[in-house]
Amino acid sequence: MGKKIFSGVQPTGNLHLGNYLGAIKNFVELNNDDKNECIFCVVDLHAITVYQNPELLRNNIYETVATFLASGINHKKSIIFNQSRVGAHSETAWILSCVARMGWLNRMTQFKEKAGKDKEKASIGLYSYPVLMAADILLYDATHVPVGDDQKQHLELCRDIAQRFNNDYKVENFFKVPEPLIQKQFSRIMSLKDGLKKMSKSEPSDLSRINLTDNKDDILNKIKKAKTDSLPMPSTIEELEDRAEAKNLLGIYSSLSGLTLEKSISEFSGKNFSEFKNDLAEILVDKIIPISVEIKKLLEDKKYLEQILSEGHKKANDIASNKLKKIHELVGF
Ligand code: TYM
């Protein structure tokens, strides 16, 4: 049986290799299987949990759609839309925020990381963001949610919320309890400057990530400057234990080339990092430049991107409003 896939990406600019390898590449594979029904959402409501310049946000929404298409998502075989146009997301998030418990949200590590030391200054939206994410997923009866490793805890929360709602309102299976789809390997791509930190859009140094809009020179330069250690390339997986940068770069190489980590290790065993870096840069250029070129081309035709969002909006809105109507009845409105 096919899967009902839902996933989202924030339009906050600088979509990077982590987003691609951890999530979008998977979206494409799931979308290529005709048995699956796929919904991919540009989660602009999530984006404003941290202030966004309105003009940039508007552009980044299109850029995220362009990235989906350039990466190989087929809009004829999926629904691509942006969250803010479907009012049911915000409304359902409110209802679910009355079901979710403070104690559950207090455990969310991403909030702690993002809010930093001064939690009092974080927006309420940043705190309750996983509830909105649960609304996104549950409105569409998604069975599977492909994400990177950093979203695992949010998905567990979504499952708890679904079960709690079903119990409170005595409706077995009203909300489907979704399964996370997180790749066993390479589901957490790390910064090129620090193998212990996640590759992220918000990291100030652009050298820490490969953006999906980078050109060839950017990629070559970033890989040349990527942090390594002074040892030769490892010969066994065990050797990677304390070598976060080597592990990350080999992971990126493996993921892009479709090799297992073991195979990549044996390919470069004992060689210098510089030799490996040449091959890594080459495969990055091979895989990322066509996407980057296509994103730029698509962005020149906003009308086309708008048309895709508008078609996606109609389809998503039908599904979500229908589910919301049932939620209203159950809750007693
Ligand atoms: P976002 O926009 O931060 O990231 C989009 C996707 O990219 C993955 N990702 C990574 N994977 C591996 N290594 C990395 N360094 C890396 N950085 C990001 C993320 O895990 C994610 O899959 N809350 C979500 C968006 C969202 C959502 C949803 C996802 C909103 N509603 C419903 C699924 C279902 C987020 O902020 O992702």
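How many nonpolar, polar and charged residues are in the lining of the second largest pocket?

The model is predicted, so local features need pLDDT of at least 70 and side-chain atom pairs pLDDT 80 or more, while totals for chains, interfaces and linings use all residues. Residues are numbered from 1 along each chain as its sequence is written, and side-chain values use heavy atoms, with hydrogens and water left out.

Figure 1. A polar contact is a pair of N or O atoms within 3.5 Å. An oxygen atom of the ligand lies 2.4 Å from a side-chain N or O atom of Asp150. A backbone N or O atom of Gly148 is 2.9 Å from a ligand oxygen atom, and a polar backbone atom of Met199 is 3.0 Å from a ligand nitrogen atom.

**Figure 2. The largest pocket.** A pocket is an open set of points on a 1 Å grid over the protein atoms alone, where a 1.4 Å probe fits, with protein on both sides within 12 Å along at least five of seven lines; lining residues have an atom within 4 Å of a point. The ligand takes up the space of this pocket, whose volume is about 1100 Å³. Its lining has 41 residues, and Gln10, Lys114, Asp150, Gln151 and Lys198 lie nearest the centre.

**Figure 3. The second largest pocket.** This pocket holds about 410 Å³ of space. Among its 18 lining residues, Phe186, Arg188, Met190, Lys247 and Asn248 are the closest to the centre. The lining comprises nine nonpolar, five polar and four charged residues.

Definitions and conventions:
Polar contact = N/O pair within 3.5 Å; in protein donor to acceptor, adjacent residues only side chain to side chain. Sits in = over half its atoms within 2 Å of the grid points. Points joined across faces, edges and corners; volume = space filled by probe spheres on them. Nonpolar A, V, L, I, M, F, W, Y, C, P; charged D, E, K, R; others polar.
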